[in-house]
Amino acid sequence: MEYVSPEGLRLDGRRPLEMRQINAEIGVVVKADGSAVFEMGNTKVIAAVYGPREVQNRSQQLSDQALVRCEYSMANFSTGDRLRRPKGDRRSSEISLVIRQTMEACILTHLMPRSQIDIYVQVLQADGGTRSACINAATLALADAGIPMRDLITSCSAGYLVNTPLLDLNYVEDSAGGPDLTVGILAKMDKVTLLQMDAKLPMHIFEKVMQVAMEGCRAVAQYIREVLLENTKELEYRRGL
Amino acid sequence: MGLSLGEKNYIKGGIADDLRCDGRRRLDYRSIAIDTGVIPQANGSARVRMGSTDVIASVKAELGKPSSYRHDCGKVSIFVDCSPTAAPMFEGRGGDELSTELSVALERCLLGGKSGSGAGIDLSSLKIVEGKMCWDLYIDGLVISSDGNLLDALGIAIKAALSNTGIPKVEAMPGTSAEEEPEIDISDDEFTRLDSSKVPIIVTLTKVGRHYVVDATIEEESQMSSAVSMSVNRQGDVCGLTKRGGAGLDPSIIIDMVSVAKHLSQQLIATVDSEIYAAEARESSA
């Protein structure tokens, strides 16, 4: 399969450094304290935040900071082949852990001791980059819930196929067997909080691919800021300001 | 659901006076919003919103073997998943009980008895090669947000998803012997629409105090003594009945609830059909 054609076009017609179409919406789940839908191309993810609220399991209560919990689940119809996934399988647990650790780093947990913040992420459609979409959706949902954060965390994936760094891999490119790098950054501080890669890359190429992924993260952060600003304007309008 | 005594009395008193918390009368439905084709990689899908209740249903068709006692029919199975985004208590295995209850109730209402009689979908239309190959329909429901009346919302979503479903046209090569696997050619762009006109919809009547309400919110459901869910098709035939809740009901009350539900269902079917039609028109023009 020709992942990058001689003219420099990928399988879905994008350029190597072009991201997929992003779309985000806030306040989708009315019952939750904060929620958001995030779409990156065909990957669609819903995140809902419940909290800060009383800790359900007293033994896990922390006296000086909030407890952050996260669960990642995939819908049965999210992938091309319908797969009945058991809840709590290894991949879901690992991604739940990754999202929790990433978001915990940016939430100001010391402001809410003895409380609990639950982040639930549900994948509706999976077409590569689900980890990144989940983190972006979780950031928006936390902002919608009004939970104090140090910074916005945004995430994007990148790869290297046919000697070209590619930004924002979809499922087909991800399954090609090349390296798959996921990066999560604190947008304004420009610091990396999440970095995961599989397969192998020479060091100088790794630096290039990582720069590409970070550019993608910055572009997502720009979009997220616009969405939050629109939302705030809407809230002001409703309050009659 | 944490409700104070004052709130509980307010809900019960309102229902007794035919004025519910959101201003509806006892037998009024919330406004229903339907979108079809929300999951592009499924054969059919729909999303239904009733107030804050938000559910998605998707239909996937896969090749399978007919069961040994029904050679000329395909198979249908329904699975419901309650996402933790709807409520924190659905985290981990917490939603399993409700998911199973909803799946079984939907299968009972929509798929008919063990012999296949009374099914909403014509299973013989799913046959490809008698005794060897058929279509297996997997209907998956996902509850994204729950504000009561999940069974009705899922019933409408499944009906909309089935009417949106396209089964690929299959050409079976003739002349294969009885032992061999038949060779088939699945078309990529020709689809037959599934006939969903006989699919029933579900009406749930929730008894609070001495009156019953339709389309209960989650606060009203917490005050219920029992509930009766009935599935009715376009012809007005009752296709399935489930009574939930601990309190006993006088048989005459159940008969009354059944007739009330039948009456409501005709109106609901008309609303749902027009909404599905509008949703499909929006999808094809988009």
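**A helix residue in chain B**

Reply: B:Ile15 lies in helix H1 of chain B, which spans residues 5-16; helices (H or I, at least four residues) and strands (E, at least two) are DSSP runs, numbered from the N terminus. This is a predicted model, in which local features need pLDDT of at least 70, side-chain atom pairs count only at pLDDT 80 or more, and totals for chains, interfaces and linings use all residues. Residues are numbered from 1 along each chain as its sequence is written, chains are lettered from A and ligands numbered from 1 in the order in which they are written, and side-chain values use heavy atoms, with hydrogens and water left out.

With a relative accessible area of 0%, B:Ile15 is buried (under 20% relative accessible area, exposed being over 50% and partly exposed in between, with a 1.4 Å probe and protein chains only). Neighbours within four places in sequence aside, B:Ile15 is in contact (heavy atoms within 4.5 Å) with B:Arg20, B:Arg26, B:Val208, B:His211, B:Val213 and B:Glu220. The C-alpha atom of B:Ile15 is separated by 22 Å from that of B:Pro251, 236 residues apart along the chain.

As to the record, an unreviewed UniProt entry annotates residues 29-168 and 199-262 of chain B as "domain: Exoribonuclease phosphorolytic"; UniProt positions are given in the numbering used here, feature names are shortened, and annotations may be inferred rather than shown by experiment. Over residues 199-262 of chain B, the chain is 41% strand and 27% helix, and the end C-alpha atoms are 15 Å apart.
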